[in-house]
Amino acid sequence: MASVRTLFDNPDGYFQSRFQVASSTSLQMLLYFNCLYALVFGVLHQMIYAWKLSIWAPPLLSELLTPMLFYIWAFVEVLRLALGYFGNLAERVPWLMAFWVLTLFPQPAIQFYFMFVQRIAGWFILPIELTLCIGMQLIYIAQLVVSYSTSKRLVAKAAADFHLQPLDAANELALGA
């Protein structure tokens, strides 16, 4: 029995008990500060957009796309932060991977629109808007890096939990009894 267990042992030997914590404090701190920054970003973005609309007439593309993309960003940001927050604390790999995917695709693309495409479409961007968007992009990059390493650690813990089961219990699970 001991020789079989050594075949399936966790190679790094880090997880010796299923009660060890694998969630990331760094990721949780990034998510907390991202919640605050997203709130400030959303309020300032709306205020700046309303001010710019009251003074200058935007091109039609910016007038239609900017509010629509902002509301998509706001909805996805709440969903993304909830998935990351609860996925990290509950050590749920699928939730954390959904957070990672949402961090990878729609959010940086929308920030890219706010930073560059508005200028290409013919409307100007204030320096504070550019600064806000760059700050959000930096948070996204940090979260991608930390959440990837956290996901790897959660998968290693799940594998260690599986191998920490007694062989009789594992056989019963495999046979469906």
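In this predicted model, Val-76, Leu-79, Arg-80, Leu-83, Gly-84, Phe-86, Gly-87 and Asn-88 of α3 are in contact with Trp-95, Leu-96, Ala-98, Phe-99, Leu-102 and Thr-103 of α4. Helix α4 spans residues 93-104, and its axis comes within 8 Å of that of α3, the two crossing at roughly 145°. The crossing in which α3 passes α4 is left-handed.

Helix α3, which covers residues 60-89, also packs against helix α5, residues 106-121, with an angle of about 165° between them and their axes 9 Å apart. Because angles over 145 degrees count as roughly antiparallel, α3 is described as roughly antiparallel to α5. The crossing of α3 and α5 is left-handed. On the α3 side the contact is made by Leu-61, Ser-62, Leu-65, Thr-66, Leu-69, Phe-70, Ile-72, Trp-73, Val-76, Glu-77 and Arg-80, while α5 supplies Pro-106, Gln-107, Ile-110, Gln-111, Tyr-113, Phe-114, Gln-118 and Ala-121. The residues of this contact of α3 with α5 divide into twelve nonpolar, five polar and two charged. Val-76 and Arg-80 of α3 are named in the contact with α4 and again in the contact with α5.

A further point concerns the cysteines. A search of the whole structure for disulfides finds zero. Cys-35 has a relative accessible area of 38% and is therefore partly exposed, whereas Cys-133, at 1% relative accessibility, counts as buried.

How values were computed
Residues numbered from 1 in each chain as written. Predicted model: local features only at pLDDT ≥ 70, side-chain atom pairs only at ≥ 80, totals over all residues. Heavy atoms only, no water. Disulfide = S-S within 2.5 Å. Buried < 20%, exposed > 50% of the residue type's maximum accessible area, 1.4 Å probe, protein only. Axes fitted to C-alpha atoms, helices over the stretch in contact; angles between N-to-C directions. Helix = DSSP H or I, 4+ residues; strand = E, 2+ residues; numbered from the N terminus. Parallel < 35°, antiparallel > 145°, perpendicular 65-115°, else oblique. Left-handed = near helix turned anticlockwise from the far one by under 90°. Contact = heavy atoms within 4.5 Å. Nonpolar A, V, L, I, M, F, W, Y, C, P; charged D, E, K, R; others polar.
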